[in-house]
Amino acid sequence: MKLSIKQLTVITSASCVALFMSCSGGRGGSSNSSNTTGWAYNDPDWGGFEYQSGFEQETGPGLVFIEGGTFIQGRVEQDVNWGMDNVPRRVTVASFYIDECEISNANYREWLHWVNKVYSEYPDQYKAALPDTLVWRRPLAYNEPYVENYLRHPAYADYPVVGVSWRQANNYCKWRTDRVNEMLLVDMGVLEMNVNDQQGENNFDTEAYLYGQYEGVAGKKPIQDLSNQGETRRVRRDDGILLPSYRLPTEAEWEYAALGLIGNTESERMSDRKIFPWNGHVVRNATDSDRGKMMANFVRGNGDYMGTAGELNDKGDITVPVRSYWPNDYGLYCMAGNVNEWVNDVYRPLTFEDEDEFNPYRGNVMRKKVLNESGAPVEKDSLGRIRYTIETDKDIADRKNYRTADNINYLDGDGRSNLANGGDWTNSESNTETMYAGTPNSNGLRNLVSDLTRVYKGGGWRDRAYWLSPGTRRFMDERESRDDIGFRCAMIRVGSPEKNKK
């Protein structure tokens, strides 16, 4: 018997909890006792240790499951720019989840509405979340109507949001995580929905809740504490109820999902590589029913953004609704064209030489929670979030696995990435900034590559067909935005890489 999250609402007593946890596929395991001690699981008379077996992750709202595997990451056609920054190599990507569609204006405005309502005393938070609508302005082009209407007019509600920076996209992912997890607890009856009472720091934040820094309004069906009979408790991470964080996909995940090779393999053998998210080497539909129709929203040639009147080729003068054209074999829309999409990675031209074969990614920022003397997180900040601090050089040097704590700048010439013989191995005048001149040096020179440079993928409505190939990559400062760059969210898959098909 497999029970979903919503069925957790039936848990009203310790006996119900124990019974439920003994069911295979629910919060309990297939066995009622430990195979090493003989002690009973999920039984308050035996200490109340909670155990679950056969856990199956719930699919979050808007997400599609992507079964991982091995693939050839990198370009599949001529490198017209001679950038040589995405040489093909075989890697393996773990299973994960990704949004079916790009984040739309309506999706993003929901966040803006929440920020404006909850952080009414912090207007700077709302201003910081606003997309830059001035990205539509171009020299000698009349785009002012889009400046005024694209974000908020209902005609564009289902169009992809643009004018968002990489940082804004990450903040949206954090907000979405909290809202989805809050709704799960409300549906369970653990919390009551009290959004009108949430102001400033008094708002539901997933981490703050887990660390006891958010109480909210208790619901009518709290979780029974099997360790303390008659008591209730908050939901814990080891309950498996709260979903992992929404985030931007890594470059490897995005490229893997865009290719959709699940439709081109049989018994571990790939029958045909892809240039685009669809089969074939052309950009028109090859099926009998839709033959000749454009597969994506892009620029066909100089000055041709949508064809001629009466025969609009891709039916998009600018962007188009996020559920346009045909989904790829994973069921994902617009993984080519419409808007480019931010991914999580920091850009380096030679990442392909250094990246790991499993879940390749460049861009970790190692953080640690600010703890008090007892080892618990300090009070949350004015926005209701747990406080973090960036690990210092000493923190990294004290780690035995210091190499893995420097993934942004790995092998950029800085001492933390390379073990020097003798002396202080962290003492090095070479670092990312001096190697790439990411910030202006004494001569005023600057390179485009820095720790603020992020990758974006997929091609957009302003691009030629070349950029529709998932293997192509470009980069931009994480603080900047454009009228042809948006994003979609992803989430890790916990447990088995294969989804339970029962």
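This is a predicted model: local features need pLDDT of at least 70, side-chain atom pairs count only at pLDDT 80 or more; totals for chains, interfaces and linings use all residues.
Residues are numbered from 1 along each chain as its sequence is written, and side-chain values use heavy atoms, with hydrogens and water left out.

Helices (H or I, at least four residues) and strands (E, at least two) are DSSP runs, numbered from the N terminus. Two strands pair if DSSP finds at least two bridges between them. S1 and strand S4 (residues 96-99) pair over four bridges in the antiparallel sense, and Ile66 has Phe96 in S4 as its bridge partner.

Stepping back, the protein chain has 10 helices and 19 strands. Of its 502 residues, 48% are buried, and here buried means under 20% relative accessible area, exposed over 50%, and partly exposed in between, with a 1.4 Å probe and protein chains only. Among contacts between residues at least 6 apart in sequence, 66% join residues at least 24 apart.

So which residues touch the most other members of the largest nonpolar core? In this core of 33 residues, they are Tyr108, Tyr172, Trp342 and Phe487. By nonpolar core I mean a set of buried Ala, Val, Leu, Ile, Met, Phe, Trp, Tyr and Cys residues joined through side-chain atoms within 4.5 Å. Strand S1 (63-66), helix H2 (105-118) and helix H5 (166-188) are the elements giving it two or more residues, and H5 gives the most, with seven. Beyond its neighbours within four places in sequence, Tyr172 contacts Ile103, Asn107, Tyr108, Trp111, Phe487 and Cys489. There is also a second, separate core of 22 residues, with Tyr330, Leu332, Val343 and Val449 among them.

Now to H5 itself. Its 23 residues should span 33 Å at 1.5 Å a residue, and the end C-alpha atoms are 34 Å apart, which agrees; the expected span is 1.5 Å times one less than the number of residues. H5 is mostly covered, with 17 of 23 residues buried. Just after H5, Gly189 takes a positive phi of about 90 degrees.

As for H2, its buried residues include Tyr108, Trp111 and Leu112, and the buried residues of H2 pack against helix H3 (123-129) and H5.

One last stop: is Ser382 buried or partly exposed? Ser382 counts as partly exposed because its relative accessibility is 38%. You'll find Ser382 in the loop between strand S14 (367-369) and strand S15 (388-390). Ser382 and Asn202 are 180 residues apart in sequence, yet 8.7 Å apart in space, C-alpha to C-alpha. Leaving aside neighbours within four places in sequence, Ser382 contacts Tyr122, Gly200 and Glu201. Thanks, everyone!

Terms used
Contact means heavy atoms within 4.5 Å.
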